[in-house]
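Hello,

Here is the structure I promised to pass on to you. Please open it and keep it beside you while you read my notes below.

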Amino acid sequence: MAALAAELQLFAGGANVPLALEVSEYLGIPLGGMELKRFADGEARVMIMESVRGHDCFVIQPTSRPVNENLVELLIIIDALRRASAWRITAVIPYYGYARQDRKFRGREPITAKLVANLLTVAGVDRVVTMDLHAGQIQGFFDIPVDHLTAAPLLADYFRQKGLEDIVVVSPDVGGVARARGLAERLGAPLAIVDKRRPEPNVAEAMNVIGRVAGKVAIIMDDIVDTGGTLVESAAALRDRGAKALYACCTHAILSGDGPRRIHESLLEELVITNTIDQRGRLGPKLKVISVAPLLGEAIRRIHSDLSVSELFQ
């Protein structure tokens, strides 16, 4: 690992410093020197404090809340590294904000996932590493390499170690079936689906349950939990159909507004999340956090060494 320190440089934006420090420890290299400040009017000010000329630079920055500030900060860091003659710049975005607007549902709507891809490319990024995109087709919004990682193996290992029996994996909507099926296959469990509708953004109503859940331990699998409404509604629908225990897992825990309270007061035994988004000061008794730092660190090591990243999931 010492040989990497001469050429690989790791930088952290302000969005999730604890995760960046864990990745730094995994790689055995310190975080690069960088000053993040604000001008009096709130504009971000970035200063790279060491030479990056000819180096392979990785920037860890989820574009989580406050989304706009963290996104702009990432763009400015990339610009600073490009102007300082970095050989290659890889944006490591554990949580890709604005991914939920990946197409036009109605006329005169933007496609912000594509807009963010354009902004990153114009800023000068050469490669993107991200995790469990809300829509896999967002990879196609980039004309540069994108490494799309998944936390599913980590989540599956956690539930396997709990020793739960007679389980069923549940997708909380039709759009998430492929994601839930992946977890079900890893656990050797059947699949069920909650038929859901959204009368308005961030409001979910469970309509029907497709599949047998009576007498089983249900694990609801989603990529994002925001207000918690989808998980709470899904858990209630599954309990009504006879599920004997209810768990949930997701990669990205935004937990806006009353989300933590809803989860705490829900029928769920536990919600298993990852640290793609900084959760300091927001955890409750039902939340279990799994670190993705070893996965990100190994992906960075493999990219830097021109090794396969996909082999991580075989």
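Is Cys-249 buried or exposed? Cys-249 is buried, with a relative accessible area of 0% (buried means under 20%, exposed over 50% and partly exposed in between, using a 1.4 Å probe and protein chains only). Cys-250 is buried too, again at 0%.

Before going on, a word on the source. This is a predicted model, in which local features need pLDDT of at least 70 and side-chain atom pairs count only at pLDDT 80 or more, while totals for chains, interfaces and linings use all residues. Residues are numbered from 1 along each chain as its sequence is written, and side-chain values use heavy atoms, with hydrogens and water left out.

Back to the cysteines. A disulfide is a pair of cysteine sulfur atoms within 2.5 Å, and by this rule the count is 0. The sulfur of Cys-249 has its closest cysteine sulfur in Cys-250, but the 7.4 Å between them is too far for a bond.

Next, Asp-147, which sits in strand S7 (residues 146-149); helices (H or I, at least four residues) and strands (E, at least two) are DSSP runs, numbered from the N terminus. Asp-147 counts as buried at 10% relative accessibility. Its side chain makes a polar contact of 2.7 Å with the side chain of Arg-127 (a pair of N or O atoms within 3.5 Å; within protein, one must be able to donate a hydrogen and the other to accept it, and residues adjacent in sequence count only if both atoms are side-chain atoms).

Most residues other than glycine have a negative phi, and most peptide bonds are trans. Yet a cis peptide bond joins Arg-65 and Pro-66, with omega about -5 degrees. Pro-66 lies in the loop between strand S4 (56-60) and helix H3 (67-83).

Asp-132 has a positive phi of about 40 degrees although it is not a glycine. You will find Asp-132 in the loop between strand S6 (127-131) and S7, and at 10% relative accessibility Asp-132 counts as buried. Asp-166 also has a positive phi, near 55 degrees. Asp-166 is in the loop between helix H5 (152-162) and strand S8 (167-171), and at 43% relative accessibility Asp-166 counts as partly exposed.

Enjoy exploring!
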